[in-house]
Structures are given as structure tokens and as C-alpha cells.
Amino acid sequence: MKRSAILCVIAVLLAVFVNPVCLVLLLVVVANEYYRRHHSDDEVKPYEKTVDDLTAEYGEPEDVILLNATRANEALGVILVYKDYFIVEGRRIEKGDITGVTFNNSGTPYAPGEYQVIIAVGPRQGDYIHINTGYDAAWTSDVVDLIKSNLAA
């Protein structure tokens with residue numbers, strides 16, 4: 001018998017014979033099982049792609065800009081540079097669509113936050129890609145410089 005089925009049986013028995021408050025436990029178990037069944041981990045999302053997946057799809061890049069050393073083999077950890085476009089977070093962004101690059105500290109007075117590279121994309125204002133790069137301002141500044149130099153090339 002599955003674990004969730006056993007927990008449901010126990011919760012029903014407890015609710016009927018011991019305490020009606022145990023119905024809350026039953027509702028939690030049922031909600032958890034519903035969530036698990038409808039949110040499968042088998043699907044591969046674009047941001048879960050590896051650098052090997054991206055190079056197999058787009059070919060060998062001319063350059064690789066490392067954004068976050070702890071995520072060096074993930075799409076979120078690098079920008080792949082090609083002649084006319086970048087692969088950012090697993091998405092193809094044409095160089096001509098990038099209108100600006102800067103960085104920001106995402107921290108607040110209440111919680112520390114990582115520095116982010118911010119890439120403005122498209123003709124509309126408000127289209128931005130925010131990419132976490134860690135807690136080092138100098139590193140993030142260097143990443144922005146690398147992106148800008150690859151845009152100019």
C-alpha cells in the first residue's frame with residue numbers, strides 16, 4: 001500500500017474514533033498527494049538545461065561568460081556568446097535586441113541579496129532579464145564589462 005493511502009486510512013480512523021480535528025490531517029495528506037501527482041519532476045524546464053544541452057542545440061559558442069561559479073554547468077550560470085546572439089537562461093537573445101546592460105544589488109535593509117546583472121531587452125521599456133551572480137560587486141561589474149565587450153564585437 002502506498003504511504004499516502006496508509007496515512008489517509010489512519011487519518012480517517014483517528015477522525016472517526018478519536019478526534020474530529022484529525023480531519024485537518026486528512027485534508028493535508030490529500031492536498032499533498034494531489035500536488036505531487038500534478039507537478040511531476042520528470043519535465044525538464046528550460047532553466048534546468050545544462051551547458052552541454054545548450055551547446056548540443058546551438059553549437060559551440062565563441063565565448064562563455066561565467067555568471068556564477070556555483071552554477072557553471074547550468075543555463076542560469078553562464079551566458080553563451082555566438083556571433084549574432086547570446087544564450088541567456090537557456091533563451092536565445094539577439095544582440096540587436098539588447099538595449100542596455102547594468103547591475104544591481106538585490107538586497108534590502110532587511111535581508112542580504114545577490115548582485116544581479118540586468119539586461120534590457122526589446123523595444124519596450126520594462127523588458128528586463130535579471131540574473132543572479134553572487135555576492136561580489138567586483139565580479140558582477142566584470143561580468144557586465146564582458147557582456148558589453150561581446151555586444152560591441
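Arg92 is partly exposed, at 44% relative accessibility (buried means under 20% relative accessible area and exposed over 50%, with partly exposed in between, for a 1.4 Å probe and protein chains only). Arg92 makes a salt bridge with Glu94, and the closest N and O atoms lie 2.8 Å apart; the term requires a side-chain nitrogen of Lys or Arg within 4 Å of a carboxyl oxygen of Asp or Glu. Glu94 is likewise partly exposed, at 29%. The structure is a predicted model, in which local features need pLDDT of at least 70 and side-chain atom pairs count only at pLDDT 80 or more, while totals for chains, interfaces and linings use all residues. Residues are numbered from 1 along each chain as its sequence is written, and side-chain values use heavy atoms, with hydrogens and water left out.

The predictor's confidence in each residue, pLDDT, runs from 0 to 100. Its mean over the protein is 81, and 73% of the residues reach 70 or more. Where pLDDT is low, the predicted coordinates should not be read in detail. The elements themselves are DSSP runs numbered from the N terminus, with helices (H or I) of at least four residues and strands (E) of at least two.

The salt-bridge count comes to 3. Besides the pair of Arg92 and Glu94, Glu74 is bridged to Arg71, with 3.0 Å between the closest N and O atoms. Both partners are partly exposed, Glu74 at 31% relative accessibility and Arg71 at 33%. Glu57 forms a salt bridge with Lys49, where the closest N and O atoms are 3.2 Å apart. Here Glu57 is partly exposed at 47%, and Lys49 is partly exposed at 22%. Side chains of opposite charge can pair when their charged atoms come close.

Glu94 also has a place in the strand pairing. Strands E3 and E4 run antiparallel and are joined by 4 bridges (two strands pair if DSSP finds at least two bridges between them). Within this pair, Glu94 in E4 is the bridge partner of Tyr85. The hairpin of E3 and E4 has 2 residues between the strands. Glu89 is found in the loop between E3 and strand E4 (91-94). The phi angle of Glu89 is near 55°, a positive value in a residue other than glycine.

An open sheet is formed by 3 strands in the order E5-E6-E7, with antiparallel pairing. E5 and E7 stand at the edges with a single partner strand each, so one side of each is left without a neighbour in the sheet. Neighbouring strands are turned by 20° against each other on average, direction ignored; axes are lines fitted to C-alpha atoms, for helices over the stretch in contact, and angles run from 0 to 180 degrees between N-to-C directions. E6 and E7 pair over 6 bridges, and Val117 stands opposite Ile131 in E7. Helix H4 lies across E5, E6 and E7, running at about 175° to E5.

The largest nonpolar core has 17 residues, and those with the most contacts inside it are Ile79, Val88, Ile119 and Ile147. Such a core is a set of buried Ala, Val, Leu, Ile, Met, Phe, Trp, Tyr and Cys residues joined through side-chain atoms within 4.5 Å. At least two residues of this core come from each of strand E2 (78-81), strand E3 (85-88), strand E5 (98-105), strand E6 (115-121), strand E7 (128-134) and helix H4 (137-152). Leaving aside residues up to four places away in sequence, Val88 touches Ile79, Ile93, Ile119, Ile129 and Ile131, contact meaning heavy atoms within 4.5 Å. A second, separate core of 8 residues includes Ala75, Tyr82, Tyr85 and Ile87.

Two loop residues complete the picture. Glu114 is found in the loop between E5 and E6, and its C-alpha atom is separated by 8.6 Å from that of Asn104, 10 residues apart along the chain. Asn68 is found in the loop between strand E1 (63-66) and E2 and counts as buried, at 11% relative accessibility. Not counting residues up to four places away in sequence, Asn68 touches Gly77, Glu114, Asn132, Thr133 and Gly134.
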